[in-house]
Amino acid sequence: MVGMCLLCLEEQCFKSGEPHKNHPGMTCAEYDRSRKSGKLEIQKLIDEGLFRKSPCCGTLAEKLAGCDHMTCKACGMHWCYRCHYVTDRWSYGHFDNCTGRIPKQIYE
């Protein structure tokens, strides 16, 4: 379902609301399935504990080694990989009281 945007004069997919160039050669249904499949794969990695969503801005983070103090590359905030405590000024004293519990994370 393609139409022309009157503002930018680009083809737009009416169903997804995105420029048609985002899914050329695919039907809207095929594009929807491919997006959902990718989201499901990322959610699986989060559920397995291989990735976490930054609690400050939602950017995906992977911890390969080292301590649980994370600095978000996207927004610069500091956060704890174990419990998702967020602060703009990090103190390693946080680990003395860290609960190690994080809320269920949903990738959207």
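## The nonpolar core

A nonpolar core is a set of buried Ala, Val, Leu, Ile, Met, Phe, Trp, Tyr and Cys residues joined through side-chain atoms within 4.5 Å. In this predicted model, the largest such core is made of 5 residues: Ala 61, Met 70, Cys 72, Trp 79 and Tyr 81.

One member, Ala 61, can be followed through its contacts. Setting aside neighbours within four places in sequence, Ala 61 is in contact with Met 70, Trp 79 and Tyr 81, and also with Leu 50, Phe 51 and Arg 52.

## Overall build

The protein has 1 helix and 7 strands. Along the sequence these elements follow the pattern β-β-α-β-β-β-β-β.

Of the contacts in the protein with a separation of 6 or more, 24% join residues 24 or more positions apart.

## Surface and interior

The protein has 108 residues, and 27% of them count as buried.

## Thr 87

Thr 87 lies in strand E7, which covers residues 86-87. Is Thr 87 buried or exposed? Its relative accessible area is 11%, and buried means under 20%, so Thr 87 is buried.

Which residues does Thr 87 touch, not counting those up to four places away in sequence? They are Met 77 and His 78. A polar atom of the Thr 87 side chain also lies 3.2 Å from the backbone oxygen of Arg 89.

Conventions
Residues numbered from 1 in each chain as written. Predicted model: local features only at pLDDT ≥ 70, side-chain atom pairs only at ≥ 80, totals over all residues. Heavy atoms only, no water. Buried < 20%, exposed > 50% of the residue type's maximum accessible area, 1.4 Å probe, protein only. Contact = heavy atoms within 4.5 Å. Helix = DSSP H or I, 4+ residues; strand = E, 2+ residues; numbered from the N terminus. Polar contact = N/O pair within 3.5 Å; in protein donor to acceptor, adjacent residues only side chain to side chain.
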